[in-house]
Amino acid sequence: MPVNSSSVSTRRRLDEIIRSVHRLRPLPASATRLLKELDDPHATARTVAELIALDQALTAYVLKVANSAAMGYLIPCASIQEAVVRLGFKQVRSLVYSTVTAGPLSARLAGYRLGDQGLWYHSVAVASSAHWLATALHYPDPEKAYVGGLLHDIGKLVLDQYVMADYPQIISIMRANRLPMWQVEEQLFGIDHAGIGGLAATHWQFPTELTEAIRYHHAPSPDLPDQRLAALVNLANALAPENQTEDPVLAGKIIHPVAMEILRLKPEQITPLADRLREGLFAYQDRLQLP
Ligand SMILES: [Fe+2]
Ligand SMILES: [Fe+2]
């Protein structure tokens, strides 16, 4: 059978995209150790504080958040250990992920037409929305939802240069077929930014649930055992209030039917939920600041 030259070049480009995921720098060793410690049932506020103290940026961020007005304490923390107790391990975990990813997520993404900190603001808006929605929908770990929201579009960092090269073609396919960009990415590159994000998450040895939430944030899978986190991130991505005039279908801000089913939501619940979310997000203003 003759081999189609365009499919050969697509295959070659896909291989190149996947290789660039494998070339991503590993997470800093200090963050990996700390994330491991936070998952250890024998960890204490003291052992966690000792590891935080090894990282200046993280120390400053942990103290800033623990002493922020949102935490509601009048007396500032005297030590990192006290800050860890105030925040709890789950929120400290979110702060570790925020600190290691703030730099890359703040970069300008010329391909996706996102200016400086454009992806950061979107990511924090989705993360804060995921946290609020998790609480409203009784998901047991809202901080986990925060991290899923924060990292959901991380694959865009890798795919940006390829989107840049094919931008006019991507936009014309999107407009002609009323498709969101992620579906056109899949058509053109053989993988979308969610798939790339899932590979990056595997490369960084993120927990399975988080990896799957990133991988399936646009289309939660009905075949996997627990897609609640992916469904929450999908909902948060669709409902996060943002200043954009773009068509929600083209912007990919659509709630997937599988997410509705997993979260047991009915269509008539969405508008009131979105209205309450908009009000609830005022409590998350502090998180927009870069660590
Ligand atoms: Fe996305
Ligand atoms: Fe997104």
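Arg33, Leu34, Glu37 and Leu38 in helix α2 meet Thr47, Val48, Leu51 and Ile52 in helix α3, where contact means heavy atoms within 4.5 Å. This is a predicted model, in which local features need pLDDT of at least 70 and side-chain atom pairs count only at pLDDT 80 or more, while totals for chains, interfaces and linings use all residues. Residues are numbered from 1 along each chain as its sequence is written, chains are lettered from A and ligands numbered from 1 in the order in which they are written, and side-chain values use heavy atoms, with hydrogens and water left out.

The axes of α2 (residues 29–39) and α3 (residues 45–52) come within 10 Å and cross at roughly 170°. Here axes are lines fitted to C-alpha atoms, for helices over the stretch in contact, with angles running from 0 to 180 degrees between N-to-C directions. The two helices α2 and α3 are therefore roughly antiparallel to each other, a term used for angles over 145 degrees, whereas angles under 35 count as roughly parallel, 65 to 115 as roughly perpendicular and the rest as oblique. Helices (H or I, at least four residues) and strands (E, at least two) are DSSP runs, numbered from the N terminus.

Ile52 also belongs to the largest nonpolar core, which has 64 residues and in which Ile52, Leu151 and Phe206 touch the most other members. A nonpolar core is a set of buried Ala, Val, Leu, Ile, Met, Phe, Trp, Tyr and Cys residues joined through side-chain atoms within 4.5 Å; buried means under 20% relative accessible area, exposed over 50%, and partly exposed in between, with a 1.4 Å probe and protein chains only. Helix α9 (residues 156–177) gives the most to this core, with nine residues. Leaving aside residues up to four places away in sequence, Phe206 touches Leu27, Tyr97, Leu151, Ala201, Thr211 and Ile214. A second, separate core of 30 residues includes Ala125, Tyr139, Ala236 and Ala240.

Donors are N, O and S atoms within 2.8 Å of the metal (3.2 Å for Na, K and Ca), and water is not among the atoms, so sites may look incomplete.

| Ion | Donors | Distance |
|---|---|---|
| Iron ion (ligand 1) | Asp153 (OD), His193 (NE2), His217 (NE2), His218 (NE2) | 2.2 Å |
| Iron ion (ligand 2) | His122 (NE2), His152 (NE2), Asp153 (OD), Asn237 (OD1) | 2.2 to 2.4 Å |

The iron ion (ligand 1) and the iron ion (ligand 2) lie 3.7 Å apart, and Asp153 coordinates both. The pair Asp153, in the loop between α8 and α9, and His218, in the loop between α12 (208–215) and α13 (228–239), links parts of the chain that are 65 residues apart. Asp153 is buried, with a relative accessible area of 2%, and His218 also counts as buried, at 9% relative accessibility.

The four donor atoms subtend angles of 84 to 175° around the iron ion (ligand 1), which makes that arrangement irregular. Around the iron ion (ligand 2) the angles are 85 to 172°, and this arrangement is irregular as well. Four donors count as tetrahedral if all angles lie between 85 and 135 degrees; four count as square planar and six as octahedral if opposite donors are over 155 degrees apart and all others between 65 and 115; anything else is irregular.

Finally, Arg264 has a phi near 50°, a positive value in a residue other than glycine, and is exposed, with a relative accessible area of 72%.
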